[in-house]
Structure formats: C-alpha cells, structure tokens
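The starting point is a single residue pair.

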Amino acid sequence: MSAVVETSADTGLMRVASQKISRLMDLVGELSLSVSETVQSADLAGLDLTRFDASAHRLAMIVREVQDAATELRLVPVDDVFRRLRRMMRELERQTGKQIEMVIEGEDTAIDKLVSDRLYDPLLHVLRNSADHGLELAEERLANGKTAAGRITLAAAQVGSEVHITVTDDGRGLSRDRILKKARERGLFGPDEEPEPAMLWKVIFEPGFSTAEDVTNLSGRGVGMDVLHTTMASLRGRIGVDSTPGQGTKVTLHIPVSLAFLDCIILRKGARLYAIPIDMISEIGKATEGDLPAISADGGRELFRLRGTYIPVCRLERFYGETTAAAALAEGTVMVVFNTAAGPTAMPVDEILDRQQVVMKPLAGRLATLRASWGFAILGTGEVALVLDCERLGAGGAV
C-alpha cells in the first residue's frame with residue numbers, strides 16, 4: 001500500500017500504512033545490531049585506530065536517535081480507543097439499568113499502534129465488570145450516601161517508559177470474602193490461608209474464575225479478566241488491582257510505550273546471559289555480611305535482608321532447573337532487586353555487564369513454552385540474552 005498525501009496542503013501530514021512503519025522499525029533494529037557487531041568486532045582488537053572510539057560513539061548515538069524517531073512514528077493517541085469505549089458506555093447504561101457518569105482523562109497520551117489495536121476488548125471487559133458488578137443501583141447508592149449516578153474514570157498517563165491506563169469506579173468494591181471462598185474451592189489457597197490483598201486480587205485473572213451467581217450477557221462467565229491477563233502478558237505489561245469496600249475498585253494497566261526496543265540491564269549467571277527491563281529494577285548492590293539470606297520458617301524460603309526488611313530470593317539456576325543445590329551466598333555477591341505486584345524480589349547474579357537498548361525477538365517453536373521470559377535479545381557481540389519477565393519470575397521464583 002503506497003503512502004497517500006492528505007488532501008489539505010496546510011497539514012503537512014502523510015498517511016502511511018502501519019506495515020511500512022513496522023518494516024522500518026525492523027530495519028532500524030537490524031541496523032543497530034550491525035553497528036554493535038562492527039564496533040565490537042574481535043578483528044579490531046590490538047589495532048591502532050585513531051579517533052575510532054569517538055566515531056563509534058557518535059555512530060551509536062545517531063542510531064539511538066533513529067530508533068527513537070522510528071518509535072515515535074508508530075505512536076498514536078490513546079483517545080482512538082477511549083472514544084470507542086465512551087460510545088459503549090451508553091449501551092452499558094441501558095443494559096444494566098444504572099446511571100453511569102464516565103470521565104476521560106489523559107486521552108492525548110501516546111501509545112504504540114500495536115498496543116492500541118489490542119487494548120479495546122480487554123478494557124471493555126474491565127468496564128463491563130465495573131458497570132455490572134462494581135456500581136450499585138441508584139437506590140442503593142443513595143442509601144449509602146452516594147450520588148445516584150455511579151462514576152467510572154478511564155485515564156491514561158505516561159510514567160517513564162510506561163503508559164499507565166487506569167479504570168476506577170466508585171462502586172461497592174471487591175468482596176474479599178466471596179473471592180477468597182471461591183479461590184479456596186478451586187484450591188488456589190489453603191483453608192486457613194489468609195493472603196494479602198495484592199495476592200488475593202490476582203486470582204480474578206485465573207481462567208474461568210467468577211464469583212457471579214448468575215451469568216448475564218455482560219459478565220459472569222469468568223473469561224473477561226482472563227482475556228485481559230493474556231493480552232497484557234503478550235504486550236509485556238502487568239496489571240495492578242486496588243479495592244476498598246464501599247468505595248470502589250481501581251485496575252491499572254502498566255504497558256511499555258514501545259514494543260520494538262527495550263532498555264535493559266545485561267547480566268550473567270553462570271554461563272548464561274540475561275536481560276532485565278531497567279524499569280523493573282529498583283536497585284543493584286553487593287550483599288554485606290548482615291544482609292546474607294536467612295531461611296524462614298514459612299516453607300523454608302530463602303530471604304534477603306534489605307535495610308531491615310526481608311524479601312524473597314529468586315535463584316535463576318533453580319528456577320530454570322539447572323541445579324537443585326545452589327551455592328550459599330557469600331559477602332560481596334551481586335544482588336539485583338526488582339519490583340513485582342507481590343512486592344520486591346532479590347536475585348543473586350555473577351556479574352552486571354552493561355546497560356543496552358536491545359532489539360527483542362519472540363521465542364518460537366519449543367522455546368515458546370519457556371517460562372518467565374518475554375523473548376530473547378541479540379547483543380552486539382553476537383551473543384543471545386534471555387529477557388526475563390520479572391512479574392512471573394517473582395511469582396514462581398522464590399525458593
């Protein structure tokens with residue numbers, strides 16, 4: 001499909017097929033890899049190349065600027081999605097018989113076109129849940145001292161290299177008792193286990209999970225939030241849920257601004273290289289004698305002391321089944337602390353190698369089942385690093 005010039009000569013705009021922009025971004029990624037391979041070539045070792053380092057640095061900076069410019073070409077305002085959802089809200093009012101006020105904020109926030117194309121259905125499921133289960137009928141709201149019309153706020157904002165999209169309602173909030181009862185029936189928690197709210201709310205994203213007694217054409221089948229969770233996983237995003245009884249629920253989607261390039265810390269554990277998105281890392285340091293892990297009485301988990309607080313330890317060698325007997329940590333061990341929805345997790349590594357903006361490739365074939373990974377990154381040296389999904393790593397990596 002060829003580019004089509006806009007009819008208004010004053011706009012200076014041009015319509016270009018998204019496939020062409022995606023192709024350009026792929027080529028920019030290959031260019032970045034080729035430049036890195038050339039600059040770091042072993043053939044240059046020992047050669048006296050005058051002013052080579054300065055020229056190589058300038059070339060790398062130009063490639064980085066080209067990457068940023070190419071990324072911006074595929075950014076579109078999230079308002080394209082929000083407008084469609086606003087129209088659906090009128091239909092939800094009719095179907096639920098409730099008065100709903102919808103507030104839109106941050107509609108000019110830019111997101112990747114690939115993300116925009118996949119956001120509508122998951123967000124629609126969240127809005128349906130808010131309208132059908134979250135908001136009360138006018139009579140109940142008035143009796144509770146609220147306005148007759150329920151309010152749902154759909155907002156977007158860029159925070160660092162992420163876009164945060166939130167759906168907030170002022171309804172009755174999530175029912176901890178009903179959710180916990182259903183989770184126990186499905187064996188997700190023990191009969192005497194009392195999980196923290198952040199852990200409990202995560203079960204609503206389990207396939208088929210629903211506390212609704214009746215199935216309606218809006219909700220109750222337990223598939224909507226599962227769709228949201230699956231979509232967010234494929235977009236390298238994560239979900240946060242916060243709810244207060246009688247006051248409402250807030251669902252936050254954390255989505256990378258761009259899916260093409262990823263700022264990562266490159267690290268080594270054993271003979272393998274790994275990459276962690278830099279936004280997930282809270283700090284990197286060396287363990288001191290007073291911080292060395294202890295074994296807790298709760299399940300024998302290994303814990304790391306960080307400024308007086310104990311956090312779980314994730315061993316990559318155990319997580320990926322390389323060994324069952326990891327060596328005890330010693331003073332001076334490099335510890336990477338990353339954030340997850342369930343809290344921080346500490347991970348011992350052998351070496352921090354570099355910070356790079358990497359081009360990520362998806363895992364295919366048998367590698368597609370590799371757990372806790374977004375894909376792999378080809379480094380300038382020609383080596384391959386596994387890009388870690390810290391959210392899933394923290395959920396299943398504390399041993």
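Met360 stands opposite Ala377 in β19. Strand β18 (residues 351–361) and strand β19 (residues 373–378) run antiparallel and are joined by 2 bridges. Helices (H or I, at least four residues) and strands (E, at least two) are DSSP runs, numbered from the N terminus. Two strands count as paired if DSSP finds at least two bridges between them. The model is predicted, so local features need pLDDT of at least 70 and side-chain atom pairs count only at pLDDT 80 or more, while totals for chains, interfaces and linings use all residues. Residues are numbered from 1 along each chain as its sequence is written, and side-chain values use heavy atoms, with hydrogens and water left out.

Both strands belong to a closed barrel of 5 strands, β10-β11-β20-β19-β18, in which the pairing is mixed. On average, neighbouring strands of this sheet are turned by 45° against each other, direction ignored. Axes here are lines fitted to C-alpha atoms, for helices over the stretch in contact, and angles run from 0 to 180 degrees between N-to-C directions. Helix α1 (residues 18–39) lies across β10 (261–269), β18 and β19, at about 40° to β10; contact means heavy atoms within 4.5 Å.

A second sheet is open, with 3 strands in the order β12-β16-β17 and antiparallel pairing. Its edge strands, β12 (281–286) and β17 (345–349), each pair on one side only. The twist from one strand to the next averages 20°. Between β12 and strand β16 (residues 334–338) there are 5 bridges. Lys286 has Val334 as its bridge partner in β16.
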